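Dear colleague,

I am passing on the structure we spoke about, with some notes on what turned up in it. Please read them beside the model.

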Amino acid sequence: MHTLVFLSTRQVLQCQPAACQALPLLPRELFPLLFKVAFMDKKTVVLRELVHTWPFPLLSFQQLLQECTHCSRALLQERPSTESMQAVILGLTARLHTPEAEAGIQPLCRKHTLWVLDMTGLLDDGVEQGPGTMSMWDCTAAVARTCIAQHQGGSAEPGLTPVPVEVRVDLRVNRASYAFLREALRSSVDSPLRLCCRDLRAEDLPMRNTVALLQLLDAGCLRRVDLRFNNLGLRGLSVIIPHVARFQHLASLRLHYVHGDSRQPSVDGEDNFRYFLAQMGRFTCLRELSMGSSLLSGRLDQLLSTLQSPLESLELAFCALLPEDLRFLARSSHAAHLKKLDLSGNDLSGSQLSPFQCLLQAAAATLLHLELTECQLADAQLLATLPTLTRCASLRYLGLYGNPLSMAGLKELLRDSVVQAELRTVVHPFPVDCYEGLPWPPPASVLLEASINEEKFARVEVELHQLLLASGRAHVLWTTDIYGRLAADYFSL
């Protein structure tokens, strides 16, 4: 449903030339809704003029395009329109090139200087890109080209000194885009449009390029560094980590697929690991740490003990954790602060089960998101863990995909989780009942690759849905979809 104010705003924008002429006469309190409606309906002429005459110091996509009291549509959950994004950039460029004398004719333009254009939070992963829409990279590239053009071309009007605008973006960099983004960041230093990276995600980037990029970023703006598929090893990481540690406001560090050479009994390996630990101790604001696919067996205590503050999100997927690692984590100060925990790919079926249960107990008061994909949890382990698991009263998301659970085990989980009023999503495995001729215990690779009996699984889905309806929980999603946008980002928790 839309409010009368929304419907009236949409009607005003039907005739774009008239709407542009009326902008100086409208109260500035209407500008946020005008922006959302113009962006939504691709009223590009009005959208450009809105940015050109924006009356506030901040223009934030996250604030303007979210669900609001006038319209429940959350545009940040959709790919942005190419036309609308281009209109925003054109409006920003026009603002920089508007002479002060002309600006004075328009009551709103330059009444308040626009200091920040915040384009962070744009949808990237998980949703297909349709025609006429832009990915996060497309949006970043468009802004970067504008920064380069402003640097090279200067101002359009002689004697005009534009007020610099800080453009906040999330950067996703790989080998193909590295040189272009490096040029944009260098150009933005002297450009009236200054690129400021909030979240950096670098994929398959050589070590020297990663360092060069980090050196160009604003230390006061960066909140996340995400390095993926870079094959760094501890030697490479020891080169990069001091450049990351200079970002004192960094809240999230994600080091995916780092070679697990920490267990090599070489002097160099030990020295590199100690140096890495020392650099990790420099972070004062770190709240999320992801070390996916790093061999941390028996070393989790060394890693976490160096941190100055308790973590709220910890991802240790496929880290070959030992019972002593889980025992340490359960006793540490981190456990009582954890909102998100990912232990996927660690075998929790044997001697790790008891310390895992202790960890759950320690985190029960704060835990919102628990990911246990491929942890070898069969019915017996799940049933033994349920009393502790159901004490996590605030839990919203539970991931159990790739575990050898039967339909009986899933039904027991569904019944017992009725006490978890905040639970909204359960990603469950295909029950072992739906496979034919499984070896026991079935390896995770078999569960992920073997074919299932579609008829049996259809009956399972119906039964689970009926049980949810009978318990008054139709709003809870039980699904086997591990590729949907269901797992929440730490910053959205």
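Threonine 53 counts as buried (under 20% relative accessible area, with exposed over 50% and partly exposed in between, for a 1.4 Å probe and protein chains only), because its relative accessibility is 5%. This residue lies in the loop between α4 (44-52) and β1 (58-60), helices being DSSP runs of H or I with at least four residues and strands runs of E with at least two, numbered from the N terminus; its side chain reaches the backbone oxygen of glutamate 49 at 2.8 Å.

The model is predicted, so local features need pLDDT of at least 70 and side-chain atom pairs count only at pLDDT 80 or more, while totals for chains, interfaces and linings use all residues. Residues are numbered from 1 along each chain as its sequence is written, and side-chain values use heavy atoms, without hydrogens and water.

As for the backbone, the peptide bond from tryptophan 440 to proline 441 is cis, with omega near -5°, and proline 441 sits in the loop between β12 (425-427) and α18 (444-449). Phenylalanine 318, although not a glycine, has a positive phi of about 55°; it is partly exposed, at a relative accessible area of 39%.

Notes
A polar contact is a pair of N or O atoms within 3.5 Å; within protein, one must be able to donate a hydrogen and the other to accept it, and residues adjacent in sequence count only if both atoms are side-chain atoms.
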